[in-house]
Amino acid sequence: MKIHFIGIGGIGISGLAKYLHAQGASISGSDIAQGNATKYLQAQGVPINIPHSPTAITDQDLVIHSAIIKPDNVEIQEALKKGIKVLSRKSAIEFILKDKYVLSVCGAHGKSTTSAMLSSIFPHFGAIIGADSKEFHSNVRESKSEYIVFEADESDKSFLNSNPYYAIIPNAEPEHMESYNHDLKEFYGAYTDFIHKAQKCVLNLSDPFLKSLTHLNAISLDPQKDIKNVEFKLCDDEPQTTFELKNYGTFCVWGFGYHTAQNAALAILCAIDMQGMGALEDIRANLAHFRGIKKRFDIITKGSTTIIDDYAHHPTEIQATLKSTAIYNALKPHSKIIAIWQPHKYSRVLDNLEAFVECFKGACDELVILPVWRAGEEHIDIDFASLFAHYQPTFATHLKRKGDSLILFNDQTPIKTLENALIIGLGAGDITYQLRGEK
């Protein structure tokens, strides 16, 4: 097929494009500006229009567009004029995955990491993940295999279109409730539908909702019973977690934290069920190839000043990341721990306000709070100074990287230099580029 992607530079759309290109489809695309994804695809021979233009629509069989593309987009209008079928990414997922054996990973937290771990265990499978794996330096493992590891998205209900062969769920904490009319019954009903669509499911019973599904014949992980002797260490200055899982022996995986052991355990249990006990040593060896994913406890600099970038933008994620930071600091002591938080979306802050106020408690020596990353939302006044006063936070408009130091700014005025510390950046906005000196 000839398939055109509008908004091909986005991580979700570029992932589908890379995967289908590997499957043998003829791909083209467009976006408003160049980026890493467009440059990569162009290097693979994919024609890409910058910016959008009706001339990009020729004789394609199908047009797929990202969620932010509006119906009046000139390429959508041209495709409709020519009678070419147009699908949103959400609808395209069902079309693309309908004939595949999909290891579909879904949950509020940990799905990118669990997906990347599974793709390490199954290096011959295709993979589409919501973040770049450091093992293969991409969010996509391009393969012709009928099997694919897929990070499914509950935020827009598109996980229901992922044709799960295995449904792997690290947790089902309520999140993105605007997609579910702020109705818990509708939210958990969608997860139940997702599970029933799968031939098999792998569930983490530390989640109260998943634990309640006792009627299911699921592959279950009860972390308190099934995971033992968890230890943390640095190997060549890289974080490693070792643990024993049920009667399967000891496993070693990149990263720190009990949540890391749980994510790895889910991937291992899925693999054992698929391949049998005879493949246990291959599973153990392949899991060791996992090197983490970009923006998840991503260590940018090491030394007297260590800078770590993490995507955590929900209180549960922030708490887990700060625990991992404490483990790192215990093994490689710094003079202090500084957390820089860029709140993500006013709605998320307000929905979880009490938990945000509590999640930094006892976990850092200094707290820096940046402006809310709006993600398209209208401004809402939130009195962060009063709510977080007990942390005596520093408020800054942005930061800039200078060598191994970070300089905090209030508009154009530098107000403080952060150095000789373990600095952890937290957020899903542009903080990742500020920490790297790319913005």
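Q: Where is D404 placed?
A: D404 sits in the loop between β21 and β22. Strands here are DSSP E runs of at least two residues, helices are H or I runs of at least four, and both are numbered from the N terminus.

Q: What should I know about the model itself?
A: It is a predicted model: local features need pLDDT of at least 70, side-chain atom pairs count only at pLDDT 80 or more, and totals for chains, interfaces and linings use all residues. Residues are numbered from 1 along each chain as its sequence is written, and side-chain values use heavy atoms, with hydrogens and water left out.

Q: Back to D404. How accessible is it?
A: D404 is partly exposed, at a relative accessible area of 42%. The classes are buried under 20%, exposed over 50% and partly exposed in between, with a 1.4 Å probe and protein chains only.

Q: Which residues does D404 contact, leaving aside neighbours within four places in sequence?
A: T301, T305 and I307. Contact means heavy atoms within 4.5 Å.

Q: How do β21 and β22 run, and how many bridges join them?
A: β21 (residues 398-402) and β22 (residues 405-410) run antiparallel, joined by five bridges. Two strands count as paired if DSSP finds at least two bridges between them. R401 stands opposite L406 in β22. The hairpin has two residues between the strands, and G403 takes a positive phi near 65°.

Q: Switching topic. What is the strand order in the five-stranded open sheet?
A: β3-β2-β1-β4-β5, with parallel pairing. β3 (48-49) and β5 (85-88) are at the edges with a single partner strand each, so one side of each has no neighbour in the sheet.

Q: How many bridges pair β1 with β4?
A: Four bridges, in the parallel sense, between β1 (residues 2-6) and β4 (residues 62-65). I3 stands opposite L62 in β4.

Q: Which strands does α1 lie across?
A: Helix α1 (residues 11-22) lies across β1, β2 (26-30) and β4, at about 165° to β1. That angle is on a 0 to 180 degrees scale between N-to-C directions, using lines fitted to C-alpha atoms, for helices over the stretch in contact.

Q: How many salt bridges are in the whole structure?
A: 20. The criterion is a side-chain nitrogen of Lys or Arg within 4 Å of a carboxyl oxygen of Asp or Glu.

Q: What does E154 pair with?
A: K111, at 3.3 Å, N to O. E154 is in the loop between β9 (147-151) and β10 (164-169) and K111 is in helix α5 (residues 111-121), so the pair ties together parts 43 residues apart in sequence.

Q: Are those two buried or exposed?
A: E154 is buried, at 1% relative accessible area. K111 counts as buried too, at 13%.

Q: What about R348: which residue is its partner?
A: E175, with the closest N and O atoms 2.9 Å apart. R348 is in helix α12 (residues 346-351) and E175 in the loop between β10 and α6 (184-197), 173 residues apart. R348 and E175 are both buried.

Q: And where do E281 and R284 lie?
A: Both are in helix α10 (residues 280-287), three residues apart, about one turn of the helix. E281 is exposed, at 52% relative accessible area.

Q: Last one. Which residues form a salt-bridge network?
A: K134, D298, D309 and R436 are linked in one.
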